[in-house]
Amino acid sequence: MMTSVGLVEESMMGEDYEDEKEKALKRYREIISTLPKQQGWSASEKVYQYEGFWIPLEASIESIMWTQQYFKPRREEVLLATLPKSGTTWFKPLLFSIMNRTHYNDLATQTHPVLTTPPHDLVPSLESYLHRNIRFPVPNNTDDEDPQLFHTHMPFTSFSQPMIDSQCRIVYVCRNPKDVLVSLFYFLQKLRNKNLPPISLEMFFERFCEGTCSCGPFWNHVLGFWKASLEWPERVMFVKYEDMKKDPSFHLKRLAEFVGYPFSVEEEKQGVVDGILEMCSFENLRNLKTNKRGAAALGIISIENHTFFRKGEVGDWKRHLTAEMADRLDKIVEQKLTGSGLTFFDSL
């Protein structure tokens, strides 16, 4: 049965692991102390510029460095990559269901992991492994173990050479930047200390346009994976959130084909595709008891599971951004993406 976690190399078990972790953290913190930084969205939070991108929290950069140093996926592995608030919570259960349907072939049962486990516990992000003490799998050359599904917010340019050389398949999901901005704004508002004054949308908009929001600049993050998908289309699949919302059946089958789990004609006749889409629909996920209670441990912080679900709509930005704000951001993104061939749609 496929799981989302594995064992660490024998050389890093037990005390050896803890010693190596302590030494690594010391090295990482020395490097982080030299990085450019800005004030984050709380009194104590700082946002650091690491390898060209702005990362919130020192612990997040420690986790990225740990991943760069120790994560060595197999060729058969699948890595879901996203910017925050770009479809992560939706695509984790979708891909898990595709890759695990031989183990959980009865979608009607209430014991299916998607129905009992919050998305961020179902598929922990690589950035949470270090501080949650989850061990990376042991790379091997056998086919005895099922491929695993991982997730990251890391930009492609921060992938280590072993990650790239592994030739694991990468699914990158991007979303219209205006919807990302609005969704991220309201998400951070929920996380903000109640003793602090609220963040204004105008202030957040300026930071987003500067490229200093979580894992930004937005345009550099999407361009990294866009270019990789053009260079290695058999290894990197670039998926637009809006396309998945417009024709979910077609794109779910594309995803399944890409990650090596294509649907058979018989499965389609039996309604497996529609069953997965219904089970993993945003509305169904949001209304599950498991997603209304408890919290997801993301590195050193915990976030209540219901916080990850807002609307999931395409074009919700129209209710929040002024025409001037939308036009300004459109022009910035258009200029940054000039010549790439990558464009975004404002509605379905």
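**View A. Where helix H8 meets helix H17.** Pro177, Lys178 and Leu181 in H8 touch Ala326, Leu329, Asp330 and Val333 in H17, where contact means heavy atoms within 4.5 Å. Sorted by class, this contact of H8 with H17 has five nonpolar, no polar and two charged residues. For the sorting, Ala, Val, Leu, Ile, Met, Phe, Trp, Tyr, Cys and Pro count as nonpolar, Asp, Glu, Lys and Arg as charged, and the others, Gly among them, as polar. Bear in mind that this is a predicted model: local features need pLDDT of at least 70, side-chain atom pairs count only at pLDDT 80 or more, and totals for chains, interfaces and linings use all residues. Residues are numbered from 1 along each chain as its sequence is written, and side-chain values use heavy atoms, with hydrogens and water left out.

View B. Two packed helices are described by the angle between their axes and the distance between the axes. Here H8 (residues 177-191) and H17 (residues 323-336) pack at about 120°, with axes 10 Å apart. The axes are lines fitted to C-alpha atoms, for helices over the stretch in contact, and angles run from 0 to 180 degrees between N-to-C directions. H8 and H17 are therefore oblique to each other; angles under 35 degrees count as roughly parallel, over 145 as roughly antiparallel, 65 to 115 as roughly perpendicular and the rest as oblique. Helices (H or I, at least four residues) and strands (E, at least two) are DSSP runs, numbered from the N terminus.

**View C. Helix H9 and what covers it.** Which residues of H9 are buried? They are Leu201, Phe204, Phe205, Arg207, Phe208 and Cys209. Buried means under 20% relative accessible area, exposed over 50%, and partly exposed in between (1.4 Å probe, protein chains only). The cover over these residues includes strand E1 (37-39), strand E2 (46-50), H8, H10 and H17. After H9 comes Gly211, with a positive phi near 90°.

**View D. The loop between H9 and H10.** Cys215 sits in this loop and has a positive phi of about 65°, although it is not a glycine. With a relative accessible area of 9%, Cys215 is buried. Pro217 is also placed in the loop between H9 and H10, and a cis peptide bond with omega of about 10° joins Gly216 to Pro217.

**View E. Aromatic pairs.** The structure holds 16 aromatic pairs. Rings of Phe, Tyr and Trp (its six-membered ring) pair if their centres lie within 6.5 Å; planes under 30 degrees apart count as stacked, over 60 as edge-to-face and the rest as tilted. Phe96 and Tyr104 have ring centres 6.3 Å apart and planes at 25°, so this pair is stacked. Both Phe96 and Tyr104 are buried. For Phe208 and Phe218, the centres are 6.1 Å apart and the planes at 40°, so that pair is tilted. It links distant parts of the chain, with Phe208 in H9 (residues 201-210) and Phe218 in H10 (residues 218-231), 10 residues apart. Phe208 counts as buried at 5% relative accessibility, and Phe218 does at 4%.

**View F. Lysines over rings.** Lys240 lies over the face of Phe344, 5.9 Å from the ring centre. Over at Trp90, the charged end of Lys245 sits above the ring, 5.5 Å from its centre. A charge sits over a ring if NZ of Lys or CZ of Arg is within 6 Å of the ring centre and within 35 degrees of the ring normal.
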